[in-house]
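Here is a brief report on one protein model.

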Amino acid sequence: MIVYDLVCEQAHRFEAWFGSSRDFDDQQQRGLLECPLCGSTKVGKAVMAPAVPAKSNQQTERQSLANDDPMARLLMLQRAFEAGSDYVGDRFAAEARAIHQAGEARSVHGEATPDEVKALREDGVPLLPLPFRPRARSDA
Ligand SMILES: [Zn+2]
């Protein structure tokens with residue numbers, strides 16, 4: 001898996017994960033990439049800024065926690081995510097659409113086929129690929 005910093009036509013920046021750089025190219029060409037903030041599908045890779053050495057020690061420590069260990073960062077992200085989201089397995093497409101239509105604020109995660117993902121995006125349901133396997137399936 002690789003993560004890209006993406007930016008939409010309105011300069012919203014966000015991160016998205018892909019199986020490979022080809023997956024990114026493929027999804028971009030098919031208009032499947034969508035800004036989670038404004039829904040724009042005019043999305044491209046953000047220009048990465050060079051790392052600038054931090055001046056204060058405090059800032060350096062905080063940055064090293066977030067940047068130096070991608071796995072630790074990913075684990076923190078996963079824990080925070082799982083605490084606020086229900087695992088719904090292969091009912092994901094139906095659940096996500098129902099939540100979207102009801103205007104609920106809750107969050108779910110699970111599996112969806114590429115066709116389901118495409119249909120959800122066409123219906124304006126906000127969704128993002130996850131950078132990790134749901135724990136409920138880790139022993140499958
Ligand atoms: Zn946007």
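## Overall layout

The protein chain has five helices and five strands. Helices (H or I, at least four residues) and strands (E, at least two) are DSSP runs, numbered from the N terminus. From that end, the order of elements is β-β-α-β-α-α-β-α-β-α.

This is a predicted model: local features need pLDDT of at least 70, side-chain atom pairs count only at pLDDT 80 or more, and totals for chains, interfaces and linings use all residues. Residues are numbered from 1 along each chain as its sequence is written.

## Burial and contacts

Of the 140 residues in the protein chain, 9% are buried. A residue is buried if 20 or more other C-beta atoms lie within 10 Å of its own, exposed if 12 or fewer, and partly exposed in between; C-beta atoms are placed from the backbone.

Sequence separation was also examined for contacts. Two residues are in contact if their C-beta atoms, placed from the backbone, lie within 7 Å. Among contacts between residues at least 6 apart in sequence, 46% join residues at least 24 apart.

## The three-stranded sheet

Three strands make an open sheet, ordered β2-β1-β3, with antiparallel pairing. Strands β2 (13-18) and β3 (43-45) stand at the edges, each with a single partner strand, so one side of each has no neighbour in the sheet. On average, neighbouring strands of this sheet are turned by 45 degrees against each other, direction ignored. Axes are lines fitted to C-alpha atoms, for helices over the stretch in contact, and angles run from 0 to 180 degrees between N-to-C directions. Strands pair if DSSP finds at least two bridges between them.

What joins β1 to its partners? Six bridges link β1 (residues 2-8) to β2. Here Y4 stands opposite A16, and V7 stands opposite R13. Three bridges link β1 to β3, and these two strands run antiparallel. On that side, L6 stands opposite K45. In a regular strand the side chains alternate between the two faces of the sheet.

## Two loops

β1 and β2 form a hairpin with four residues between them. A11 is found in this loop between β1 and β2. Its phi is positive, about 70 degrees, although A11 is not a glycine. Most residues other than glycine have a negative phi. Why does A11 count as exposed? A11 has 9 C-beta neighbours inside 10 Å, so it counts as exposed.

L37 lies in the loop between α1 (21-29) and β3. L37 counts as exposed because it has 12 C-beta neighbours inside 10 Å. L37 and P126 are 89 residues apart in sequence; their C-alpha atoms are 9.0 Å apart in space.

## Helix α4

Which residues of helix α4 (residues 92-102) are buried? They are F92, A93 and A96. Seen down the axis of α4, these buried residues fall within an arc of 95 degrees, so they line one face of the helix. The arc is that of the directions from the helix axis to the C-beta atoms.

The face turned away from the buried side of α4 carries the exposed residues Q101 and A102. G103 follows α4, and the phi of G103 is positive, near 70 degrees.
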